Amino acid sequence: MPTAEMPTAEVELPQFADPRLDAPSLVAAPPVEPALDALPNSSVRAIVIDAHAPSRIGLAALLEEQPWIERCLLASGSEESVTLTRRHRPDVALLDISQTGPFAGSITAAIHAAHPGVQILLTSRCRTTPGAPPASLGAVGFLPAGVTGEDVVDSVRAAVLSGEPLDLPIAVPAGGPALSDREREILVLLGTGATNREIAERLHLGPDSVKKSATGLYRKLGVRNRTEAAQRAATVLAA
């Protein structure tokens with residue numbers, strides 16, 4: 001008697017992996033190398049030296065966000081910075097030169113005398129520049145106005161790790177520094193080699209007034225003396 005043909009179903013048999021292929025490796029994974037720019041948590045003390053409170057506090061807040069910063073000290077002037085450096089021995093100092101320019105060397109020398117191991121980074125919140133290689137002023141680098149917070153953090157980290165002068169670009173403000181009409185007049189005469197007395201007679205000013213104006217001019221130009229100012233005169237006045 002004919003019987004109905006039973007439907008067939010396809011059955012997938014379990015696939016057994018070759019144990020020789022899937023067995024866990026007995027070889028330990030290579031250790032993860034720490035990043036070259038890593039610093040242990042809470043391992044760095046910093047000090048920010050700036051007469052301008054918002055800048056001083058802002059830089060400190062930026063640094064204190066970093067896990068490797070143990071403490072960030074604040075100083076509004078050179079005397080306070082020396083006292084704090086001697087007492088707390090920070091690893092790195094950020095020194096604003098907006099008001100000192102090329103004359104910052106005396107401040108860095110005093111800070112190093114208080115703690116020879118501190119690495120100093122010069123900073124500026126305006127157009128002022130060191131006017132000389134930072135190393136000649138006792139610093140490992142210079143951070144001009146306008147740098148990003150990331151640049152600041154990276155430079156501080158590099159200063160602590162290397163302890164050597166950093167290859168940081170020094171930005172020169174486009175168009176040169178902003179000079180008053182009187183400063184431009186003095187700069188023109190400096191370019192001719194005139195003395196302060198000769199400049200005073202020419203502009204009908206007192207010698208002390210010329211000397212004070214010239215000092216402010218040097219600071220804006222980022223130079224150390226009248227010779228360097230005269231050398232920059234042609235470039236600045238043409239801007």
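This is a predicted model: local features need pLDDT of at least 70, side-chain atom pairs count only at pLDDT 80 or more; totals for chains, interfaces and linings use all residues.
## Overall make-up

The chain has 239 residues, and 38% of them are buried. Its secondary structure comes to nine helices and five strands. From the N terminus on, the order of elements is α-β-α-β-α-β-α-β-β-α-α-α-α-α.

Of the contacts with a separation of 6 or more, 70% join residues 24 or more positions apart. The chain exposes about 14400 Å². Carbon and sulfur atoms supply 56% of that area.

## Strand 3

Strand 3 covers residues 92–96. Five of its five residues are buried, so the strand is largely enclosed by the rest of the structure. Val 92, Leu 94 and Asp 96 point one way. Ala 93 and Leu 95 point the other way. In strand 3 the residues pointing either way are buried.

Strand 3 has parallel partners. Strand 1 (residues 44–49) joins it through four bridges, and the two run parallel. Within that pairing, Ile 47 has Ala 93 as its bridge partner. Strand 4 (residues 119–123) joins strand 3 through five bridges, again in parallel. Val 92 stands opposite Gln 119 in this pairing. The chain gets from strand 3 to strand 4 by way of helix 4 (residues 105–114), and this β-α-β crossover is right-handed.

Strand 4 is mostly covered, with five of its five residues buried. Gln 119, Leu 121 and Thr 123 point one way from the strand. Ile 120 and Leu 122 point the other way.

Thr 123 links this strand to two others. Asp 96 of strand 3 stands opposite Thr 123. In strand 5, Leu 143 is the bridge partner of Thr 123. Strand 5 (residues 141–143) pairs with strand 4 in the parallel sense, over three bridges.

## Helix 2

Helix 2 runs over residues 53–64. At 1.5 Å a residue, its 12 residues should span 16 Å. Its end C-alpha atoms are 16 Å apart, which agrees.

The buried residues of helix 2 are Ser 55, Arg 56, Leu 59, Ala 60 and Leu 63. They cover an arc of only 130 degrees around the axis, which puts them on the same side of the helix. The buried residues of helix 2 pack against strand 1, strand 2 (69–75), strand 3 and helix 5 (149–162).

Glu 183 lies in helix 6, which spans residues 181–191.

Tyr 218 is one of the buried residues of helix 8. Helix 8 takes in residues 207–221. Its 15 residues should span 21 Å at 1.5 Å a residue, and the end C-alpha atoms are 21 Å apart, which agrees. Gly 222 follows the helix, with a positive phi near 70 degrees.

Most residues other than glycine have a negative phi. Ser 42 has a positive value, near 55 degrees. Ser 42 sits in the loop between helix 1 (19–22) and strand 1. With a relative accessible area of 47%, Ser 42 is partly exposed.

Arg 89 also has a positive phi, near 50 degrees. Its place is the loop between helix 3 (78–88) and strand 3. Arg 89 is partly exposed, with a relative accessible area of 47%.

Technical notes: Residues are numbered from 1 along each chain as its sequence is written. Side-chain values use heavy atoms; hydrogens and water are left out. The expected span of a helix is 1.5 Å times one less than its number of residues. Buried means under 20% relative accessible area, exposed over 50%, partly exposed in between (1.4 Å probe, protein chains only). Contact means heavy atoms within 4.5 Å. Accessible areas come from the Shrake-Rupley method with a 1.4 Å probe; for residues, only the protein chains shown count as cover. Two strands pair if DSSP finds at least two bridges between them. A crossover is right-handed if, with the strands pointing away from the viewer, the path from the first strand over the helix to the second runs clockwise. The arc is that of the directions from the helix axis to the C-beta atoms.
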